Amino acid sequence: IAAAGCLLTAAVLFTPARLEMEARGTLQPVVQQDVFAGIDGRVEKVLVAHRDRVEGPDPQTGRPGTLLCVLRNYELEEELARLAGERATLEERLAAISRTLLERQLAPVESDRLSAEQASIRQRLQSVDAQLAVCRRKQEQLSIYSPIDGQVITWDAAGLLLHRPVVRGDRLLRIAQTDGPWQVELEIAEDRGGHVLRAKQQTEGPLRVRFILAADPAKSYEGWLVELDSNAHDRPGEGRTVLAKVQIDRNQVSPLLPGSEVRARIDCGRCSLGYRWFHDLAAWLRRIWFWW
């Protein structure tokens, strides 16, 4: 029994194995961009739906991208109407003063008064025009255009946005280039991120990653870890995690569904079979020992 125990211990300690760290993530197009509200308002129209193809702006002609949705801001409309009315009143008064100065013989005092009022009205017109220009720029932001070529991947955009009040900075839609490159975005638990970081530092090339899709778990795929965040982040329900990006061959992965759940194993190099089996327990014991 002692000999068998020694042999088993030696096998566990000295049998080589591959250390793989588990992680979860999602399948995503590499090029994607969120569309945000640039001004407060109410969503009046939604002109696109899920999976619609859209175009980005044309830098040569200056043509904007595909119109995605239209907002409405009642306060801005009232301000524009007020400024337009004030400008019309000022122009009428300015025209009346100009006619009076040209057609009538006025006393010097009256002429000087009207000239001063004329100058004041012109200054006021410049101020109103500047305010109108600002309001018109804000009005242009009520029309939301696609920033890139791609496909709408927001589900039920009309049901999500139509007649909904939004404030500046609210995310409205997400556009992705689904016909371009894809990647897997992983969230690695912080206590396993150290193994991945050390393996990345010790390896010249990217780390190999095996993964399966929740949409088709019967088939596994391979990719390469090309980017690892140097910071840990708090994730609701997940604790602290380290973000990583895995490069994949889109032609080998199917189905390509944005946001599809992925379960992955990251190859962190060689180790003993015992360490592969019990590294989590060893880490827990080291933490307990530290606090003692």
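Predicted model: local features only at pLDDT ≥ 70, side-chain atom pairs only at ≥ 80, totals over all residues.

Me: Let's start with helices. At what angle do α2 and α3 pack?

Reply: About 155 degrees, with the axes 9 Å apart. Helix α2 covers residues 74-103 and helix α3 covers residues 108-140.

Me: And what does that make α2 relative to α3, roughly parallel or roughly antiparallel?

Reply: Roughly antiparallel, because angles over 145 degrees count that way.

Me: Left-handed or right-handed crossing?

Reply: The crossing of α2 and α3 is left-handed.

Me: OK, switching to pockets. How much space is in the largest pocket?

Reply: About 590 Å³. Its lining counts 26 residues.

Me: Which of the lining residues lie nearest the centre of the largest pocket?

Reply: A23, R24, G25, L186 and E187.

Me: Which strands supply at least two residues each to that lining of the largest pocket?

Reply: β1 (16-29), β10 (182-189), β11 (207-213), β12 (216-235), β13 (239-247) and β14 (260-272).

Me: How does the lining of the largest pocket split by class?

Reply: There are 12 charged residues, 10 nonpolar and four polar in the lining of the largest pocket.

Me: What about the second largest pocket, how much space there?

Reply: About 420 Å³. The second largest pocket has 20 lining residues, and H50, V152, I153, T154 and P258 are the ones nearest its centre.

Me: Which strand gives the most to the lining of the second largest pocket?

Reply: β9, with four residues. Both β7 (150-152) and β9 (171-176) supply at least two.

Me: And the classes in the lining of the second largest pocket, how do they divide?

Reply: Nine nonpolar, six polar and five charged.

Me: Over how many bridges do β4 and β7 pair?

Reply: Two, in the antiparallel sense.

Me: And which residue in β7 does V54 stand opposite?

Reply: G150.

Conventions:
Residues numbered from 1 in each chain as written. Heavy atoms only, no water. Axes fitted to C-alpha atoms, helices over the stretch in contact; angles between N-to-C directions. Parallel < 35°, antiparallel > 145°, perpendicular 65-115°, else oblique. Left-handed = near helix turned anticlockwise from the far one by under 90°. 1 Å grid on protein atoms, 1.4 Å probe; cavity = no way out; pocket = protein on both sides within 12 Å on 5 of 7 lines; lining within 4 Å. Points joined across faces, edges and corners; volume = space filled by probe spheres on them. Nonpolar A, V, L, I, M, F, W, Y, C, P; charged D, E, K, R; others polar. Pairing = 2+ DSSP bridges.
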